[in-house]
Amino acid sequence: MLSRQISFLEIVIRRSTKLTLLVFITAQLCLFGTLPALADDEPNLLDMSLEELMGMDFSEKKPRPLTIYGYMSANVEKVFGELSISDGQTVKTNAPHEWSVPHFHIFMRAHPTSTIETFVNIATEEMEVRNMWGNIGFHRAFQIRLGKVYRRFGLFNAKIDEVPTYLGIEPPELFDTDHLLLPRLTSFMIHGDVVRENATYSYALCTDNGEAGPTDGVIPLGWDVRAKIHGNVLVGVSGYVSDLGSSTNSPSQAVGEGSVDGGVLPWMAGDDYEVYGGFAEIQIKRWLIKAAYWEANHTFCRDASTVLDIAIATDLNDNQKERFFGASADVAASSLTEDDVVQSGRYRVKTGYVRLGYFIYSDHGTFAPFVFFDWMHNPETIEDKELGGDKECGIADDGLFYKYTVGISYKPVDEVAIKLDHSAHIQKYNGRTESYPEIRFDVSYMFR
């Protein structure tokens with residue numbers, strides 16, 4: 001019975017890619033007035049910021065003193081049936097439940113003048129400065145932002161720390177720190193908005209030092225263009241080129257230092273890549289739909305000695321051995337040499353998601369059931385997180401996994417969000433289709 005359910009889910013999730021494109025096309029049709037604007041009595045849920053959720057209005061650009069606000073959350077998670085292999089057989093082990101405080105943020109925002117704005121996001125109990133910037137607004141259509149800035153990329157990256165504003169406990173899989181498509185942060189951004197009668201058009205261009213820090217000849221470029229139409233549709237495209245210069249990218253971390261902060265895996269001597277894709281968010285009365293699709297195309301050169309260290313330090317599946325060692329895939333790790341390593345090539349990462357939520361308003365608060373589908377294919381990564389891999393694409397025989405999530409959010413007041421969800425990862429593992437479920441409970445509190 002379970003295998004039949006998994007087969008059905010695989011079919012549904014595969015088709016979610018087509019649904020992503022359908023939602024994207026539907027949003028574009030709104031440019032011609034296909035979907036009506038929201039009625040006056042319908043709350044606007046589209047592209048909501050933490051400040052809007054808390055009733056804080058920063059839209060009027062005028063000098064104002066420092067404003068301090070933030071939120072914290074408490075969370076418990078339980079994972080069932082984690083996958084491993086023993087004597088060639090698949091073994092499933094339940095992980096212990098884990099209590100944590102995954103989010104603690106203090107935001108500080110000020111306008112020294114009508115054209116200058118400053119922002120600081122202090123996070124975690126160790127008081128880490130997560131991002132901070134100063135913004136100069138020469139005109140609404142031309143502004144410059146400098147500092148440690150979350151880049152504009154899709155619907156979530158710039159709001160990755162604003163969990164109370166979106167349905168669910170976790171953002172889409174492509175924003176997990178163990179398999180990022182590109183760096184979350186940038187240093188210099190030119191951006192602006194152009195307002196028309198029925199739409200607001202926005203753009204952002206950004207650059208920084210590159211993933212491994214200042215490197216001569218490395219010039220990355222990111223961009224984001226979007227339109228908010230009738231107040232109930234947001235549609236756009238984002239992209240990133242890791243290097244416009246004459247050099248090549250290096251990883252931000254070495255093997256053994258954990259997950260990288262961008263798209264260059266730690267066993268690479270060099271990697272040039274580009275990321276592109278599109279996204280849409282649509283509100284139809286009380287329904288909220290979000291969807292996106294992304295691709296990252298890599299041209300790489302592996303570090304042969306590092307790949308040999310990985311082969312000895314961890315178990316690679318057959319697909320990974322063939323990618324790394326080609327004709328020598330069946331040779332024992334201890335007998336491999338640097339000449340056996342396939343040092344250069346290309347690979348492509350693909351990912352997408354669809355998120356659907358419905359809002360129910362009552363005298364006792366707001367209830368919002370939701371269902372999500374995520375998928376990702378990364379043929380290059382491995383399982384071991386300490387070596388720079390992940391336990392999702394990296395454990396799959398072919399680097400492909402699917403994930404579904406169902407849950408409910410309850411807000412007794414706008415400042416408190418109580419969320420419960422269940423999800424499961426589905427992938428080919430050790431020659432069979434396997435899944436492992438998770439359940440999470442999260443309570444967040446906002447303050448100012």
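At 24% relative accessibility, His230 counts as partly exposed, and that makes a handy way into this structure, which is a predicted model. His230 sits in the loop between strand 10 (221-229) and strand 11. Most residues other than glycine have a negative phi.

Lys285 shows a positive phi as well, near 55°, and it too is a residue other than glycine. You'll find Lys285 in the loop between strand 12 (268-284) and strand 13 (287-302). With 58% relative accessibility, Lys285 counts as exposed.

**The whole chain**

Let's zoom out. How many helices and strands does the chain have? The secondary structure comes to 4 helices and 19 strands. The radius of gyration is 23 Å, close to the 22 Å that the globule rule gives for 448 residues, so the chain is as compact as a globular protein of that length. If you follow the C-alpha trace along its principal axes, it spans about 70 × 55 × 45 Å.

Buried residues make up 51% of the 448 residues in the chain. The accessible surface, meanwhile, comes to about 20700 Å², and 56% of that belongs to carbon and sulfur atoms. Now think about who touches whom. Among contacts with a separation of 6 or more, 63% link residues 24 or more positions apart. As for charge, the chain carries 40 positive and 62 negative side chains, and the centres of those two sets lie 7 Å apart.

**Inside the cores**

The largest nonpolar core has 58 residues, and the ones that touch the most other members are Tyr69, Leu174, Leu181, Trp267, Val275, Trp294 and Phe325. Which element gives this core its largest share? That is helix 3 (residues 304-313), with 5 residues. There is also a second, separate core of 8 residues, including Phe373, Trp375, Leu400 and Tyr402.

| Pair | Apart in sequence | Apart in space |
|---|---|---|
| Gly236 and Gly277 | 41 residues | 8.8 Å |
| Arg145 and Phe324 | 179 residues | 41 Å |
| Pro112 and Thr90 | 22 residues | 60 Å |
| Asp243 and Arg355 | 112 residues | 32 Å |

Start with Gly236, which belongs to strand 11 (residues 233-241). Gly236 is buried, with a relative accessible area of 7%. In the table, 41 residues of sequence separate Gly236 from Gly277, and the two C-alpha atoms are 8.8 Å apart.

Next is Arg145, in strand 7 (residues 142-150). Is Arg145 buried or exposed? Arg145 has a relative accessible area of 13%, and the cut-off for buried is under 20%, so Arg145 counts as buried. Leaving out residues up to four places away in sequence, Arg145 touches Trp133, Gly134, Asn135, Ser187, Phe188, Met189 and His191.

Pro112 is found in the loop between strand 4 (98-111) and strand 5 (116-123). Pro112 has a relative accessible area of 52%, which makes it exposed. If you again skip residues up to four places away in sequence, Pro112 touches Pro63 and Glu117. As for Thr90, Pro112 is 22 residues from it in sequence, yet 60 Å from it in space, C-alpha to C-alpha.

Last up is Asp243, placed in the loop between strand 11 and strand 12. What does Asp243 come into contact with? Setting aside its neighbours within four places in sequence, the list is Gly217, Val218, Ile219, Pro220, Thr248, Asn249 and Asp272.

Technical notes:
Residues are numbered from 1 along each chain as its sequence is written. This is a predicted model: local features need pLDDT of at least 70, side-chain atom pairs count only at pLDDT 80 or more; totals for chains, interfaces and linings use all residues. Side-chain values use heavy atoms; hydrogens and water are left out. A nonpolar core is a set of buried Ala, Val, Leu, Ile, Met, Phe, Trp, Tyr and Cys residues joined through side-chain atoms within 4.5 Å. Buried means under 20% relative accessible area, exposed over 50%, partly exposed in between (1.4 Å probe, protein chains only). Helices (H or I, at least four residues) and strands (E, at least two) are DSSP runs, numbered from the N terminus. The radius of gyration is taken over C-alpha atoms; the globule rule is 2.2 Å times the number of residues to the power 0.38. Contact means heavy atoms within 4.5 Å. Accessible areas come from the Shrake-Rupley method with a 1.4 Å probe; for residues, only the protein chains shown count as cover. Lys and Arg count as positive and Asp and Glu as negative; His and the chain ends are not counted. The place of a charge is taken as NZ of Lys, CZ of Arg, CG of Asp or CD of Glu.
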